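Thank you all for coming.

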Amino acid sequence: TAVRGMVGQWAHLEEVDPERCRLRMTTDNLDWPALTLGALRAEFVVECPAELVSHLQEWSSRFARATAACSSP
């Protein structure tokens, strides 16, 4: 899949069906999965851990605050 080419050997991919896969990572820092998921530019669902959900929500809030002052072209 296209995802496999982007995540390399440091993550485990399990094909769910021809359109979806499950990505599993082992890491001590939740920034790595957040960066990886953002770089994929694909829709995704976080199944676990709950700490990653909170981490992504915090990143989302921070990015929203950072861009709120930007005016549209």
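Let me begin with strand E2, which contributes the most to the lining of the largest pocket, namely five residues; helices (H or I, at least four residues) and strands (E, at least two) are DSSP runs, numbered from the N terminus. Please keep in mind that this is a predicted model, in which local features need pLDDT of at least 70 and side-chain atom pairs count only at pLDDT 80 or more, while totals for chains, interfaces and linings use all residues. Residues are numbered from 1 along each chain as its sequence is written, and side-chain values use heavy atoms, with hydrogens and water left out.

The volume of the largest pocket comes to about 890 Å³. Among its 27 lining residues, those closest to the centre are Cys21, Arg22, Leu23, Phe44 and Val45, and the elements that supply two or more residues are helix H1 (2-7), E1, E2 and H2. A pocket here is found on a 1 Å grid over the protein atoms alone, as an open set of points where a 1.4 Å probe fits, with protein on both sides within 12 Å along at least five of seven lines, and lining residues have an atom within 4 Å of a point. Grid points are joined across faces, edges and corners, and the volume is the space filled by probe spheres set on the points.

How does E2 (residues 20-24) sit against E1 (residues 12-17)? The two strands run antiparallel and are joined by five bridges, with pairing requiring that DSSP finds at least two. Glu14 has Arg22 of E2 as its bridge partner, and a hairpin of two residues connects E1 to E2.

In the loop between H2 (31-40) and H3 (50-67) we find Pro49, and the peptide bond from Cys48 to Pro49 is cis, with omega near 0 degrees. Arg41 lies in the loop between H2 and H3 as well, and its phi is near 55 degrees, a positive value in a residue other than glycine. Arg41 is exposed, at 79% relative accessible area, given that buried means under 20%, exposed over 50% and partly exposed in between (1.4 Å probe, protein chains only).

Finally, how many disulfides are there in the whole structure? The search finds zero, a disulfide being a pair of cysteine sulfur atoms within 2.5 Å. For Cys48, the nearest cysteine sulfur, that of Cys21, is 15 Å away.
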